[in-house]
Amino acid sequence: MGGSGPFRETDAPPLPPPPVIAEVLPPLYEKWHEAELSLPQHHWEQRRPRKDEKFLFVAGHSRGCGWGNAMQELLLNAYMAYKAGRSFVFANYTWNDNGSQYSEYNDHKIPSLIPYSAIIQGPIVGAPFPPGDHSPPAVHRDYFDAVCPEKVTYIREDISEIITFKNSAKEITDGWHDKLAGVEEQCVQTAPNSGQIYNFEYVVFGDPRAMIDIWPELAASPILTHFGWSPLIELAFDINRDLFLATSSFEPYLSSRAYTTNADRYSMIPGLMAIHVRRGDFEGHCEHLANWSAEYNAFNSFPEMVDPFVPPLHGERGTNSEENKAIYRRHCYPSVAQIVERIRDIRKTSAAKDLRKLYIMTNGNKEFITELRNALWRDQDWQMISSSRDLVLNWEQKFVAQAVDMLIGQRAQVFVGNGFSTLTSNIITMRMANRFDPESTRFW
């Protein structure tokens with residue numbers, strides 16, 4: 001492994017292509033939405049909240065962004081409500097909330113709204129908190145609107161005088177906790193036009209210091225300890241498990257198991273390396289990051305990480321030297337040769353012992369994946385190399401496929417991510433919460 005010459009002289013054998021699904025209108029996830037509205041904590045006969053009900057809805061939640069961005073915000077919004085002792089009001093993963101059923105993205109139709117329960121499960125979307133935790137359960141926005149015709153609205157600036165470090169997730173959370181502690185009104189929301197709570201004046205999720213103080217309490221909370229992927233996502237994992245589990249594995253199917261905890265359910269998959277390789281729009285994004293000397297995302301910057309990134313020094317912000325841009329490309333948009341070299345080096349570490357299968361999480365096109373797969377196959381001894389394009393997915397799963405990749409990456413024995421990507425951020429969040437060895441989580 002990793003000698004002076006290639007491991008093989010032949011290309012990787014082709015995998016059978018997934019079935020082609022005829023182009024039809026995207027799914028609307030009606031059954032998932034109906035199930036959310038049928039949660040037992042929803043008392044639709046009421047026109048006002050009960051005396052023991054207090055709600056918090058972050059009406060300025062993110063819209064029109066990728067699932068990685070939305071998920072990291074969702075986790076903190078839910079934790080803020082949990083800490084405040086209020087029912088978290090969840091809405092939908094929202095691309096467009098103008099009332100349309102469908103939106104356009106890259107010349108394709110996508111659902112404007114996707115129920116969060118089609119992607120995740122757990123207390124964030126209304127499941128009970130673990131035994132002994134008597135926190136009020138989350139409710140759907142429609143129920144909140146039905147029982148709260150009148151709402152008390154706050155804006156982000158209401159807590160500006162409390163916060164000293166504008167990008168500290170803990171200071172923001174504690175500031176809202178202190179603000180809400182003295183509020184007797186039951187129906188509370190943030191102003192829709194006030195924007196995201198965790199993007200106060202700067203980009204919180206892009207600051208490597210932002211999550212350090214809040215992490216111990218967030219990781220210990222049921223928001224993470226009892227986080228789960230939806231039955232739809234777990235079923236996709238089960239159907240495709242031969243791509244990442246050992247052929248001799250006796251692990252029960254996720255869809256056949258009762259839910260327990262995040263750490264118990266999503267244990268490490270021995271022998272699997274998962275790598276996150278961004279393509280497409282990330283080429284221009286990486287150049288933009290270089291021009292502004294960006295650092296790794298907040299959830300990719302835990303002190304325990306063994307591959308910290310220090311931006312190379314340069315002068316005027318908004319531009320950069322070609323030498324420094326090349327440094328950013330290696331970390332953000334590596335070439336096929338750079339990917340092969342990095343994987344070869346990581347496989348020499350103790351955390352990478354006995355790796356047999358490689359899964360490529362990517363939005364790259366078929367030609368790129370074929371080139372990368374063949375280069376990796378020739379360089380190292382792999383039993384199988386597969387990618388996001390090889391997953392067999394039903395029509396509903398197609399539009400939430402990023403979450404399937406996240407589940408795979410979360411469980412890999414070794415994960416190699418992109419420090420500038422929020423999809424990588426959420427995988428690392430779960431790996432850290434479930435106490436995976438930091439040596440097993442790497443970056444380009």
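## Salt bridges and a parallel sheet

Lys83 and Glu217 form a salt bridge, their closest N and O atoms lying 2.8 Å apart; the term denotes a side-chain nitrogen of Lys or Arg within 4 Å of a carboxyl oxygen of Asp or Glu. The pair connects helix H2, which holds Lys83, with helix H5 (residues 215-220), which holds Glu217, across 134 residues. Helices (H or I, at least four residues) and strands (E, at least two) are DSSP runs, numbered from the N terminus.

The model is predicted: local features need pLDDT of at least 70, side-chain atom pairs count only at pLDDT 80 or more, and totals for chains, interfaces and linings use all residues. Residues are numbered from 1 along each chain as its sequence is written, and side-chain values use heavy atoms, without hydrogens and water.

The whole structure contains 24 salt bridges. Two further pairs are listed here.

| Pair | N to O distance |
|---|---|
| Asp97 and Arg63 | 2.5 Å |
| Arg356 and Asp381 | 3.4 Å |

An open sheet of five strands runs in the order E14-E13-E12-E15-E16 with parallel pairing, where pairing requires at least two DSSP bridges between two strands. Strands E14 (384-387) and E16 (441-443) are at the edges, each with a single partner strand, so one side of each lacks a neighbour in the sheet. Three bridges join E15 (residues 412-417) to E16, and Phe415 stands opposite Thr441 in E16.
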